[in-house]
Amino acid sequence: MELLPRSPGEFGSVRYWDRFFRQRGQRPFEWYGAFPELCPVLHKYVRPRDKVLVVGCGNSELSEQMYDVGMCEDIVNIDISNAVIRQMQERSGSTRPKMSYLLMDMLQMDFPDAHFQVVLDKGTLDALLTDEEEATIAKVDQMFAEISRVLQVGGRYLCVSLAQAHVLKKAVEYFSQEGWVVRIHQVASSGDKQQFVLPIFVYVMTKFRKIPGSAPQILEICPEEQDKPMRMESAEQLVAAVKDRQHYALLCSQISKTPCREQVSLDLCDKESGKPRYTLHVVDSPSVKPSRDNHFAIFIIPQGRETEWLFGTEEGRRQLAASVGFGRLLTVALHREQHYEGMAGIQAELSGKVMELAPPGLPARQQVPFLSVGGDIGVRTVRHCDTSPLSGEYVVEDVKGDGSCYFRRLIFLRNRNVVQSEARLLAPTPLQGQKKRRKDKKKPSPAEPPGAIDKSYLCCEHHKAMVAGLCLLGGPDTLPGQLAVLVVGLGGGSLPLFVHDYFSQARVAVVEIDPSMLEVATHWFGFSQGDRMQVHVSDGLDYVAKLAAEGTPAQYDAVMFDVDSKDLTVGMSCPPAAFVEKPFLQKVKSILKPEGVFVLNLVCRDAQLKESVLATLRDVFPLLYTRRIEGEVNEILFCQPSPGGRRDPAELGARARALEGALRQPGRPWDSSYALADVLQAVHIL
């Protein structure tokens with residue numbers, strides 16, 4: 001401890017370093033980065049015939065090791081400490097005749113201009129740039145200017161550093177502005193216990209003649225697991241990329257010592273594009289009693305199923321981890337923009353990386369199992385992708401669910417873990433399959449999903465609840481006759497299609513603000529307009545306001561809101577806040593028949609905001625029912641304009657069973673999950 005300086009400023013003091021090396025004696029002192037770790041990087045940039053200058057050499061063995069392995073022999077080492085220079089001259093003078101040690105200040109070097117091909121700095125910049133005071137920055141500028149002066153054009157300044165943010169930022173900005181090529185290498189760890197938790201980096205600054213004007217900066221990073229550099233757009237992006245790798249190293253160090261109290265998530269990016277390739281969640285299960293074989297497992301989530309509750313929520317992943325019986329489970333989600341070579345390919349790709357996230361106490365050479373559903377990685381086929389001015393980037397994809405079922409999904413990429421719309425795909429009949437095979441003259445791929453939409457199936461639980469809400473409609477008839485329904489929010493069109501097809505006399509008006517969604521619903525989800533189905537491309541706020549302003553008698557039996565919010569900064573993702581303001585809700589009430597029902601899909605994570613919305617709804621509608629969707633944030637609200645429509649649970653159940661019976665027509669598909677009475681059984685009056 002007595003070797004440490006009293007203040008960071010002493011790192012630049014000759015007196016401190018003389019005292020340091022006298023007390024330490026002949027024992028080599030390596031700040032960080034052993035030669036075996038640095039050697040692969042140094043070999044790329046140091047040639048045997050290069051003339052190399054090592055600044056702030058201390059008594060590190062780095063120069064000696066470079067000399068001894070034949071990497072380079074013409075090495076000049078300088079330091080401001082007379083004590084260490086004498087030590088090193090005695091240690092290497094007779095055994096390494098072509099290498100020299102000189103007492104010299106790197107801020108004022110005696111060498112002529114363009115004298116070296118390489119300048120090597122191992123921790124010296126870090127020791128000098130201890131703060132961002134004006135005097136310190138002036139010294140660093142002088143150091144960089146001297147290094148630039150003694151380097152030839154095409155020469156390399158190699159700086160081994162821990163890459164503290166202010167150190168990296170200063171070096172990158174200085175040399176990139178001088179027109180040099182800047183490349184940052186992350187040094188691969190040897191696996192031995194390191195003195196520092198943070199990873200080690202080597203800045204490689206290659207000198208070019210400065211071109212007058214604004215020449216493009218060349219900024220690159222080489223992560224430890226790859227040789228090919230990744231181009232960065234700016235100095236800020238380069239610094240951020242290094243910071244990400246430092247955070248990852250700290251995370252690995254932390255979770256290798258103690259269990260995770262909270263789930264940890266991180267992205268592993270593609271080497272070529274830099275885009276996320278895998279999303280990992282680290283889930284620890286304290287309740288699992290550890291044994292030799294249940295410390296750690298990897299679970300590959302099948303493609304397209306990452307949005308399911310079991311895989312896409314913290315509680316779901318916690319339940320998954322407990323059910324598989326491992327102390328730590330690492331779930332792996334696959335990204336739609338990436339290609340994967342099956343389970344074996346993923347295992348080979350991830351094996352080394354996932355072990356960095358292993359739990360404490362994992363036995364040496366322990367085999368870590370890779371798990372999945374059904375032993376495969378699932379099927380995902382992107383059918384269409386585009387950008388809407390209103391909804392942003394979106395994608396239509398087919399995914400394989402449980403068993404042989406396929407589903408088509410609409411995903412808005414601004415919120416890629418949420419399924420915006422979903423429809424089940426019909427399996428082709430045997431005759432259709434035979435015709436297709438005769439036409440194609442080839443065996444169909446087992447991974448090729450069918451293309452026709454099953455319009456009779458509601459995939460979304462909240463849509464089933466919204467349909468069940470039609471049981472609340474007044475009147476003696478179980479199945480209303482001339483039913484008028486207004487649906488705000490089209491999506492893939494499954495909700496209005498179901499109402500249109502199963503309520504054979506219903507007239508459905510749909511309001512959709514985004515014309516792109518009408519195209520998607522029509523081309524990809526089997527939606528079509530007709531005499532009883534009309535779509536109005538308009539803002540739902542404007543459309544309802546216009547109807548209310550016309551002053552015509554109440555005209556709708558049911559008004560359904562299933563519209564998402566584009567504002568992700570608010571704790572309510574459905575509907576937009578303007579749709580639940582009191583003046584607008586009064587307009588909704590005015591277009592409803594007295595015995596009608598207003599059905600609202602509410603997705604609100606902000607408890608205070610949710611209470612405010614419910615209070616506003618109660619102010620406008622005398623009768624309010626709620627139905628929570630199990631495992632989801634969605635809550636369906638059924639609002640009625642007349643308190644006289646209140647029904648007890650027994651009456652609701654009877655009407656639901658009667659309505660279900662009326663909808664079950666011969667030859668018409670009906671899924672058992674549409675048990676309307678069961679849906680309404682969980683309804684509560686607010």
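## Strand β7, enclosed on both faces

Let's start with strand β7 (residues 201-206) of this predicted model. 6 of its 6 residues are buried, so the strand is largely enclosed by the rest of the structure. Buried here means under 20% relative accessible area, with exposed being over 50% and partly exposed in between (1.4 Å probe, protein chains only). Strands (E, at least two residues) and helices (H or I, at least four) are DSSP runs, numbered from the N terminus. In a regular strand the side chains alternate between the two faces of the sheet. In β7, Phe201, Tyr203 and Met205 point one way, Val202, Val204 and Thr206 point the other way, and all are buried.

## Tyr203 and the nonpolar cores

Tyr203 of β7 is also among the residues with the most contacts inside the largest nonpolar core, together with Leu53, Leu125 and Tyr157. That core has 44 residues, and helix α7 (residues 165-177) supplies its largest share, 6 residues. A nonpolar core is a set of buried Ala, Val, Leu, Ile, Met, Phe, Trp, Tyr and Cys residues joined through side-chain atoms within 4.5 Å. A second, separate core of 39 residues includes Phe503, Leu518, Ala558 and Val597.

Not counting residues up to four places away in sequence, Tyr203 touches a list of residues including Leu125, Tyr157, Val167, Leu168, Ala171 and Ile184. Contact means heavy atoms within 4.5 Å.

## The largest cavity

A search of the whole structure finds 3 cavities of 30 Å³ or more, and about 80 Å³ of space lies in the largest. On a 1 Å grid over the protein atoms alone, a cavity is a set of points where a 1.4 Å probe fits but cannot get out; lining residues have an atom within 4 Å of a point. Grid points are joined across faces, edges and corners, and the volume is the space filled by probe spheres set on them.

Among the residues that line the largest cavity are Ser421, Glu422, Ala423, Lys455, Ser494 and Phe525. β18 (419-424) and α14 (494-502) are the elements that give two or more residues to this lining, and β18 gives the most, with 3. The lining divides into 5 nonpolar, 4 polar and 3 charged residues. Ala, Val, Leu, Ile, Met, Phe, Trp, Tyr, Cys and Pro count as nonpolar, Asp, Glu, Lys and Arg as charged, and the others, Gly among them, as polar.

Tyr101 is found in strand β3 (residues 100-103) and counts as buried at 5% relative accessibility. Ser516, in helix α15 (residues 515-524), counts as buried at 13% relative accessibility. Not counting residues up to four places away in sequence, Ser516 touches Ser388, Pro389 and Tyr394.

## The whole protein

The protein has 20 helices and 27 strands, and 51% of its 686 residues count as buried. Among contacts between residues at least 6 apart in sequence, 70% join residues at least 24 apart.

Residues are numbered from 1 along each chain as its sequence is written, and side-chain values use heavy atoms, leaving out hydrogens and water. As this is a predicted model, local features need pLDDT of at least 70 and side-chain atom pairs count only at pLDDT 80 or more, while totals for chains, interfaces and linings use all residues.

Definitions and conventions. 1 Å grid on protein atoms, 1.4 Å probe; cavity = no way out; pocket = protein on both sides within 12 Å on 5 of 7 lines; lining within 4 Å.
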